[in-house]
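User: Could you walk me through how the labels for this structure are reached? I would like each value set against its rule.

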Amino acid sequence: MSNDTGLYAEVILPLAIPLTYSYGVPIEYHESIQVGLRVEVPLKNKLYSGIVFCLSKEKPVTKVRNIISLIDAQPIVTQLQLDLWTWLSEYYCCSIGEVMNVALPSGLKLSSETRLLINQELDYLDLDLTNDEYLIAEALSIQNELTINEVQDILNKKTVYPIIKSLLQKSCVRIKEELTHKFKAKKATYIKSTDQFKNSIEEALALTTRSEKQSRALLSYYSLNRKQSHVLRKDVGDMAGVDSSVFKALEKKGIIEVYERVISRIDLDGELTEQSIQPLSVDQEKALQNIGVAFNNNKVALLHGVTGSGKTRIFVELIKKVLNNGGQVLYLLPEIALTTQIVQRLKSQIGDQLYVYHSQINDPKRVEIWSAALLKNKLFIGARSSLFLPFYNLQLIIVDEEHDNSYKQDSPNPRYQGRDVAVKLATLFKANIILGTATPSLESYHNASIEKYRYIPLLNRFGDSELPDIDIVNLKEAYKKGLVNKGFSESLLNSIKDNVAQGKQVILFQNRRGYAPVVKCKTCGWTAECSNCDVSLTYHQKFNELKCHYCGYRTYKKESCPACGMHELDLLGTGTEKIEDVLLDLIPHISVNRFDHDTTRSKKNQHQILEDFKYGKIDVLIGTQMITKGFDFENIGLVGVLNADSLFSFPDFRSSERSFNLLMQVSGRAGRRADRGKVIIQAFQVDHPVLSEILSSNYEKYFKRELAERKNFIYPPYYHLITVWFKHKDFQKTKGAAQFFYEALYPKLGNRLSKPVDPVVIRVQNRYQQIINVKFEKANSVSVRIKSLLLKTKSLLKSHTEYKGVSVILDVDPF
C-alpha cells in the first residue's frame with residue numbers, strides 16, 4: 001500500500017473490467033508522469049502495463065498501491081485517442097480496458113504472464129546491450145523462453161519493464177504471441193570496404209586491374225558510399241552490372257566485407273510502378289468541387305461512384321493536398337487483400353509517403369508504425385484496426401467501399417462498426433471525411449437524404465469505358481429445356497469459351513467455398529454434421545476432408561455411411577472448388593484458379609493469385625465475396641454469377657441490401673477499360689426485385705423500396721438495434737438466462753424488446769445460443785437510458801449463481 005504521495009493516477013488495464021484503477025504516483029515520478037504513458041502496476045498477484053488515463057491530487061477514498069515504474073519517456077497514446085476509447089466503451093457497451101486491448105499492438109501490452117523469446121534472426125552478442133539486457137539475452141539463449149516474473153528473479157529487480165522495452169526496441173527479444181504471425185525479420189545484404197582499404201581507393205583498384213567487372217563494382221561502391229553509410233549489395237550490382245560472383249571475388253581478396261542488416265519494413269510494402277496520371281474528367285472535377293463544398297460545411301461527403309468511375313483518382317487529389325499542407329491521412333479499406341493493389345497505385349502517384357497497417361503485419365512492424373503515427377505526416381493505409389493509431393495531425397479520412405460489412409468487428413469487444421468510428425474520429429480531430437462506394441449502405445444513403453451527409457454522385461465510368469451489359473438467365477426454364485450442364489447454363493458456358501478464345505479473362509462468383517456444403521447418404525438420409533456446431537460439414541476435395549466453417553473441426557471423408565454402412569454418399573450443393581473441377585472438365589484447355597479463404601490464407605498466396613490474374617496467367621478466376629471488393633483488372637470480359645438465389649434466402653433484414661451490393665460490385669469487375677464487358681446472372685427467382693433493379697441499374701428505386709421496408713418493420717436506419725446474445729454449453733441454462741433477462745427488462749422496455757429466439761445456428765463450438773433484439777428510437781437520451789438498463793440487467797443476471805457462467809454479449813448496431 002502507498003503512503004500519501006500527493007499525486008494519483010487513474011490507469012486503464014487491458015482487461016474486461018468496468019472501471020479504471022487508482023494508483024499512487026511515487027514522488028520521483030511527479031515531474032515525468034503524463035497522461036498516455038505506459039506504467040507498470042500491480043493488480044492482485046500480477047503485474048501489468050497500463051495506460052495513464054488521468055492524474056489527480058485528490059486522494060482516493062480506498063487505499064491504493066503505487067505505480068512501480070514508468071515504461072515510456074513520452075506518451076504512446078494521445079488525449080484524443082483516450083477520448084475515442086471512452087466514446088467506444090460507452091457507445092458499444094464494453095469496458096475501456098477491452099478497447100485498449102484491441103487498440104494496442106501486442107508489443108505494447110505486457111503482463112507478468114507475458115513470455116519472452118530470443119530473436120533467432122539476430123546474434124545478441126553483436127548488439128549494444130546493457131549488463132541487465134545481456135543477462136536476459138544470455139538466459140533466453142539457454143532457457144528458450146522467460147516470463148516477466150522470471151526476468152525479475154534473474155535480475156533481482158522489481159522494475160524490469162523498461163529493460164524489456166529496450167530489448168524489444170533492439171529486436172533482441174520477441175513476445176511469444178507474435179510468432180503466430182509467422183513473419184521473419186526483414187534483412188538486406190550490404191557491403192563495406194575493409195579497414196585496410198577504407199581510405200585507399202587507389203590501392204583497392206590496383207588489386208582489380210585484371211578484372212573490369214571488379215573495378216566497376218568498386219567504383220560503384222565508393223560512389224554510393226559517399227551518399228549513404230550503408231550500401232546495399234543489390235544497388236552496387238545494378239549500378240555496375242555485375243552479379244554475386246564479383247562480390248565473392250572482392251571479398252576473397254580482402255577488399256570488401258559482406259554483411260546482413262535488419263531493416264524497417266515500414267516503407268517497403270508494394271512495388272513502385274510507373275503509372276501515368278490521367279487528367280480529371282469533367283465529372284471528376286465536378287465531384288471534387290462538391291466534396292470541397294461538403295468539407296467547407298463540415299459535412300461527411302458520400303461519394304457514390306459507379307465501378308470504374310475513378311473514385312481513387314479523386315482520392316489521390318485529396319491526399320496530395322493534405323500531405324502538401326503537412327497533414328496526416330487515413331485511408332481505410334475493408335479487406336487486407338485490397339491493400340497491395342491500392343498501395344501500388346498510390347505509390348506510383350504520391351511516392352513513398354505511406355505506411356500500411358493491419359492485423360496480419362508482424363508486431364514489431366506494427367509498433368514501428370504506431371510510433372510513426374505520433375510523429376510523421378504520412379498517408380496511413382489499413383483495415384479497421386488502423387483507426388486506433390495515435391495520430392497527431394489527422395486532416396483527412398477516406399473510407400473506401402464504405403458499404404462493406406467487413407468494417408464491422410464481430411469479436412471480441414468492442415464490436416464496433418469501422419465506418420461509424422471513422423466518422424467519430426473525424427469529429428474529434430475536426431478532420432474531413434469522405435465515404436466512397438459504388439453501392440452506398442442504406443445508413444449512409446439515408447443520412448445523405450436527410451442532409452446529414454452531402455451526397456455526391458459519379459454515375460459515369462471514366463473515359464471510354466461503359467457499364468457492362470447484364471443478362472439474367474432463368475435457370476428454371478433452362479433446366480426444363482435441358483440447357484444446363486453441371487450448373488452452367490448454355491449461355492454462360494458459351495460466353496466463357498468465347499471470351500477465353502478472344503484473350504479475355506473471366507470472373508465467376510459463387511458465395512460458397514469448398515466442394516460441396518452437404519454430404520448425405522442416399523439410403524438412410526444421414527448427413528455429415530459437426531460434433532461441436534449445429535451445421536453440416538463442408539466437403540473439401542483437395543484434402544478429402546469434411547470441415548466446419550464455424551469452429552474449424554475437420555475429419556476425413558469416409559467411403560461408407562457411418563449410420564447404415566452403405567457406400568452411396570451424395571455430395572449436395574456447389575462450392576468454388578467444385579466449380580473449378582467442373583469447369584476444367586467442360587473446358588479442359590483453360591487456366592483456372594480460385595480466390596477464396598482456402599486459397600488465400602497466406603499473404604504470399606493472395607498476392608501471387610492476384611499477380612497471375614493481372615498478367616494474364618489465369619483465364620478464369622472463381623471467387624467468393626472476396627473477389628467483389630474493389631479489385632481493378634483491365635482485361636475482364638465476362639463476369640458470371642452461378643446462383644444468385646443463395647444470396648436472397650438468408651434470414652436477415654439486410655439480405656436484400658447485401659444481395660444488391662454483392663451483385664452490383666461483382667458486375668462492376670467487367671469491362672473496366674475500352675471494351676464493354678458482359679455480366680450473366682443465373683437465378684431461379686428471376687422476378688426478385690433486386691434483380692430487376694440491377695438489370696436497370698436503378699439505384700433510386702432500390703433505395704426507396706428498401707428504406708420503405710426498413711421503416712415499416714422498425715429497422716435501421718430509422719431505429720437503433722441492439723442484439724443481446726446468450727451463450728452456454730448447457731441448453732436449458734442458456735434459455736433460462738435469456739428468459740430471465742427478458743422478464744427483468746420487459747416491464748421497462750415493453751415492445752421495444754423481442755422475446756428470446758433461436759439464432760440461425762443454435763449451437764456453435766459446443767455453446768448453445770439465444771438472442772433478444774432491442775429496437776428503439778434514434779434519440780440520444782433514449783439510447784443512453786436503454787444501454788444503461790441493458791448493462792444493469794446484465795450485472796443482475798451475473799449476480800445469480802445459476803447464470804454466472806452464461807456469456808452475455810451486447811452487440812450494438814449488429815450489421
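Analyst: Gladly! Let's start with contact, which means heavy atoms within 4.5 Å. Two notes on the source: this is a predicted model, where local features need pLDDT of at least 70 and side-chain atom pairs count only at pLDDT 80 or more, while totals for chains, interfaces and linings use all residues. Residues are numbered from 1 along each chain as its sequence is written, and side-chain values use heavy atoms, with hydrogens and water left out.

User: Which residues does Lys729 touch, not counting those up to four places away in sequence?

Analyst: Lys729 touches Asn766, Arg767 and Tyr768. Lys729 sits in the loop between β33 (720-728) and α24. Helices (H or I, at least four residues) and strands (E, at least two) are DSSP runs, numbered from the N terminus.

User: What makes Lys729 exposed?

Analyst: The rule for relative accessible area is under 20% for buried, over 50% for exposed and partly exposed in between (1.4 Å probe, protein chains only). Lys729 has 66%, so it counts as exposed.

User: And how do you know which class Gln765 belongs to?

Analyst: Its relative accessible area is 47%, so Gln765 is partly exposed. Gln765 lies in the loop between β34 (763-764) and β35 (767-776), and has a positive phi of about 55° although it is not a glycine.

User: Why is Cys93 called buried?

Analyst: Cys93 has 5% relative accessibility, so it falls in the buried class. Cys93 belongs to the loop between α1 and α2 (96-103), and its phi, near 55°, is another positive value in a residue other than glycine.

User: What makes Asn447 one of the buried residues?

Analyst: Asn447 has 12% relative accessibility, so it counts as buried. Leaving aside neighbours within four places in sequence, Asn447 is in contact with Lys452 and Tyr453. Asn447 and Pro717 are 270 residues apart in sequence, and 8.6 Å apart in space from C-alpha to C-alpha.

User: How do you know how α15 is oriented against α23?

Analyst: Axes are lines fitted to C-alpha atoms, for helices over the stretch in contact, and angles run from 0 to 180 degrees between N-to-C directions. The two helices pack at an angle of about 100°, with their axes 11 Å apart. That makes α15 roughly perpendicular to α23, since angles under 35 degrees count as roughly parallel, over 145 as roughly antiparallel, 65 to 115 as roughly perpendicular and the rest as oblique. On the α15 side the contact is made by Leu442, Glu443, Tyr445 and His446, and on the α23 side by Tyr702, Phe703, Glu706, Leu707 and Arg710.

User: Now the rings. What makes Trp87 and Tyr91 a stacked pair?

Analyst: Rings of Phe, Tyr and Trp (its six-membered ring) pair if their centres lie within 6.5 Å; planes under 30 degrees apart count as stacked, over 60 as edge-to-face and the rest as tilted. By this rule there are 23 aromatic pairs. In the pair of Trp87 and Tyr91 the centres are 5.2 Å apart and the planes at 15°, so the pair is stacked. The two residues are four places apart in helix α1 (residues 79-91), which means about one helical turn separates them. Both Trp87 and Tyr91 are buried.

User: And why is the pair of Phe740 and Tyr803 called tilted?

Analyst: The ring centres are 5.8 Å apart and the planes at 50°, so the pair is tilted. Phe740 is in helix α24 (residues 731-749) and Tyr803 in the loop between α25 (780-798) and β36 (807-812), 63 residues apart, and the pair links distant parts of the chain. Tyr803 has 10% relative accessibility, so it counts as buried.

User: What puts Lys775 over the face of Tyr715?

Analyst: A charge sits over a ring if NZ of Lys or CZ of Arg is within 6 Å of the ring centre and within 35 degrees of the ring normal. Lys775 lies over the face of Tyr715 at 3.7 Å from the ring centre, and Lys557 lies over the face of Tyr539 at 5.5 Å.
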